[in-house]
Amino acid sequence: MTPPGATARSSFVTKPAEKDPYQYQVGFGNRFASEAIPGVLPEGQNSPQKVKYDLYAEGMTGASFVAPRAENLSAWLYRIRPSVAHKGFTKLPDNPDLESNFFPLNPNVHVSPTQLAWHPFDLPPDNERVDFVDGLKTLAGNGDPTLKEGLAIHMYLANTSMGNRAFCNNDGDILILPQQGRLDIQTEFGNMMVRSGELCVIQRGMKFKVKLPDGPSRGYIQEIFGSHYQLPELGPLGGYGLANPRDFEHPVAHFDIDQSSWESRLAYLVCGQLFACNQEHTPFDVVAWHGNYVPYKYAMEKFVNVGSISKDHIDPSIFCVLTAKSKAPGVPLADFLIFSPRWDVALNTFRPPYYHRNSSTEFMGMLYGVYGGRSDGFQPGGASYETGFCPHGVSYEEWSKATEMELKPMRIHEGTIAFMFESSMMFSITDYAMKRSGKLHEHEPKMWDNLKAQFLNHLEEVNADLKKAGLPDLNSRTKV
């Protein structure tokens, strides 16, 4: 509950909207303070001998105690009953479609050197009740949460709100991208309504539950082990551009008064295994909190695109919304990129992405709209994958059009948000993605069959130019 007139302690709190009834504090990486009842937050200390209203103080850390100040993440929560007041854990049955170990030695994952694609994943049938947790399906990943290095890519396919159930991921931070249907997410820190076109990040160790106000819902998740999302450095761009810090929204304190039984209703993910925690009270009883280890959301339509205004195609890092560090300096574990409406104006330039072989692994999905130039029936709710150094690029038709078109300023990706999970790591692909989903299909390589060796049509011209330069002609060096 949030009493009338109670707001967060913040320099700015947003106003409710038609399809989002909640308020948010704004800013990325800030230290926030929020209380649903005025005067609950202790003054000048975190753990007083006695908290107002006999609340309990509970600390939460998202980094090592001795992490550098800029990387140190923590929060203090003042709650009706502490998390330690529970009756223990029991093992839950394995979800065969949920995977956390991506080493090739695991028989449940596979390696693919070629491009893969998936048609939109099916929602659960009407006669099955599947909530957010039960609807998790792992597609690909790297590493393992016990090593605190790597990531996992999941879909969620759900048709039922979680009700009197909560989830806590102890393995990693999750970035959630709704594609169909809003998610009404209640966290320990407050509520967030997240629609298609917005992202939501819930960090490791935070309890939350998901309601589906629009019915059956589908979306994408990237989970990162041992790291946290950050804003990318801007370098010569200066202080502004890409995702601006002020556009990230964090919940305000909200609490329930509920002392009913939550028997087996708290699901914990630990080392890829699910456990149930029993307790006699709601996990959503935080009356006030402060800190910088806080969930957040961001509307991707606010992204400030930058690009070439003269010539040539710039690296896709200009589309980076969030990044996460790996253990190697200067090498990202994960970059989250989006492709959204923008102007394309470069002159004397092949405007689509050039044919390329990147060291990065690329996993792509789409939230809404149309993303052309692909052979795989790429649609919202589907996906595509290229491993590192797998050659890829647009179809012959797109190449031909781009080499002959008149280069006028043009709007591209209008009404579209597509995204990419890009990583320096190599991925393995799960059994679910390769076999059980029924949605796998390989890219059609015939899309490039017409990329013929047109150089051979110019041999006479080439030989003439070589002769002018005093060099041997092609017939003397090459069998043609």
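Predicted model: local features only at pLDDT ≥ 70, side-chain atom pairs only at ≥ 80, totals over all residues.
1. Strand E12, residues 183-187, pairs with E13 in the antiparallel sense, and five bridges are found between them. Within this pair, aspartate 184 has methionine 193 of E13 as its bridge partner.

2. The sheet of four strands. A further open sheet has the order E2-E21-E4-E3, and its pairing is antiparallel. Here the edge positions belong to strand E2 (32-35) and strand E3 (56-61), each with a single partner strand, so one side of each is left without a neighbour in the sheet. Ignoring direction, neighbouring strands of this sheet are turned by 15° against each other on average. Strand E4 (residues 74-79) and strand E21 (residues 286-291) run antiparallel and are joined by five bridges. Alanine 75 is opposite glycine 291 in E21.

3. Strand E27 and its partners. E27 covers residues 383-386, and both of its faces are covered: Ala383 and Tyr385 lie on one side, Ser384 and Glu386 on the other, and all are buried. Strand E7 (residues 116-118) runs antiparallel to E27 and is joined to E27 by three bridges; leucine 116 stands opposite tyrosine 385. Strand E26 (residues 361-368) is also antiparallel to E27, with four bridges, and methionine 364 stands opposite serine 384.

4. The annotated site. An unreviewed UniProt entry gives the feature "binding site" at His356, Glu362 and His392. These positions are spread over 37 residues of sequence but cluster in space, the largest C-alpha distance being 12.0 Å.

5. Glutamate 362. This residue of the site is in strand E26. Is glutamate 362 buried or exposed? Its relative accessible area is 5%, under the 20% limit, so glutamate 362 counts as buried. Leaving aside residues up to four places away in sequence, glutamate 362 touches His356 and His392, as well as Ser384, Tyr385, Glu386, Met420, Phe421 and Glu422. The side chains of glutamate 362 and asparagine 358 make a polar contact of 3.1 Å.

6. Histidine 392. This residue is in the loop between E27 and helix H1 (396-404). Histidine 392 has a relative accessible area of 8% and is likewise buried. With residues up to four places away in sequence not counted, histidine 392 touches Gln115, Tyr354, Tyr355, His356, Glu362 and Glu386. Which side chain is joined to that of histidine 392 by a polar contact of 2.9 Å? The partner is the side chain of histidine 356, which the UniProt record also lists in the site.

7. Helix H3. The buried residues of H3 (residues 459-468) are Leu459, Val462, Asn463 and Leu466. Why do they lie on the same side of H3? Around the axis they cover an arc of only 100°, which puts them on one side of the helix. The face turned away from the buried side carries exposed Glu460 and Lys468. After H3 comes glycine 470, with a positive phi near 75°.

Technical notes: Residues numbered from 1 in each chain as written. Heavy atoms only, no water. Buried < 20%, exposed > 50% of the residue type's maximum accessible area, 1.4 Å probe, protein only. Helix = DSSP H or I, 4+ residues; strand = E, 2+ residues; numbered from the N terminus. Arc of directions from axis to C-beta. Pairing = 2+ DSSP bridges. Axes fitted to C-alpha atoms, helices over the stretch in contact; angles between N-to-C directions. UniProt positions renumbered as here; feature names shortened; annotations may be inferred. Contact = heavy atoms within 4.5 Å. Polar contact = N/O pair within 3.5 Å; in protein donor to acceptor, adjacent residues only side chain to side chain.
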